[in-house]
Amino acid sequence: MKIAVSACLLGHNCKYNGGNNRSQKVLRFVEGHEVIPVCPEVTGGLPTPRIPVELRNGRAINANGEDVTDFFQAGTEKTMTRLAEEHIDLAVLQPRSPSCGCKQIYDGTFTKTLIDGKGMFAQALSEAHIPMMDETDIPE
Ligand code: SF4
């Protein structure tokens, strides 16, 4: 299979705080498959580290109140174009991210409050009917 994976899960230091979410179980799960690392926020031109962002009424707003939706949209579009060319079979995503979260995201109040919903990139994957799962779907 050809699998797109949130790059932070693979150990890339592209997370907002400059770190990563390296997951041994994700690495084990994708072993033997063709892996395409993706980070829509960095692809969209945001720096690392960067100010954390949450989605509010469909906009990407950072903790300073700045609207960074254009970066999120650019990153999503570029990544989706690349993945369409790659004909991927599956995406494995980082939970709760305003880009990659595919089940729940933070509610935009920066109070650690989760709501049902998708990040901007996960929403685009869903609209393209690309199967997706997040790190929590993989058994230990
Ligand atoms: S945008 Fe996705 S891949 Fe990039 S750091 Fe955030 S969760 Fe990880």
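The following legends describe close-up views of a predicted model.

**Figure 1. Overall fold of the protein chain.** The secondary structure of the protein chain comprises 4 helices and 8 strands. Read from the N terminus, these elements follow the order β-α-β-α-β-β-α-β-β-β-α-β. Along the principal axes, the C-alpha atoms of the chain occupy a box of roughly 40 × 30 × 25 Å. A compact globule of 140 residues would have a radius of gyration near 14 Å, and the value for this chain, 14 Å, agrees with that expectation. Of the 140 residues, 39% count as buried.

Figure 2. Helix α3 is formed by the 18 residues 69-86. At 1.5 Å a residue, this helix should span 26 Å, and the distance of 25 Å between its end C-alpha atoms agrees. Its buried residues are F71, F72, G75, T76, T79 and L83. Seen down the helix axis, these buried residues fall within an arc of 125°, so they line one face of α3. The face turned away from the buried side carries the exposed residues D70, T81, A84 and E85. Just after the helix, H87 adopts a positive phi of about 55°.

**Figure 3. Packing partners of helix α3.** The buried residues of α3 pack against strands and helices from several parts of the chain. The strands concerned are β1 (2-6), β2 (34-38) and β4 (59-62). The helices concerned are α2 (40-43) and α4 (120-127).

**Figure 4. Surroundings of V35.** Residue V35 is found in strand β2. Leaving aside neighbours within four places in sequence, V35 is in contact with I3, V5 and V30. The C-alpha atoms of V35 and A4 are separated by 5.8 Å, although the two residues are 31 residues apart along the chain.

**Figure 5. Residues around the ligand.** The shell around the ligand divides into 6 nonpolar, 4 polar and 2 charged residues. The residues around the ligand include S6, A7, C8, C14 and K15. Further members of this group are C39, P40 and E41. Q94, S97, S99 and C100 also belong to the residues around the ligand.

How values were computed
Residues numbered from 1 in each chain as written. Predicted model: local features only at pLDDT ≥ 70, side-chain atom pairs only at ≥ 80, totals over all residues. Near = placed C-beta within 6 Å. Nonpolar A, V, L, I, M, F, W, Y, C, P; charged D, E, K, R; others polar. Helix = DSSP H or I, 4+ residues; strand = E, 2+ residues; numbered from the N terminus. Expected span 1.5 Å × (residues − 1). Buried ≥ 20, exposed ≤ 12 C-beta atoms within 10 Å, placed from the backbone. Arc of directions from axis to C-beta. Contact = placed C-beta atoms within 7 Å. Rg over C-alpha atoms; globule rule 2.2 N^0.38 Å.
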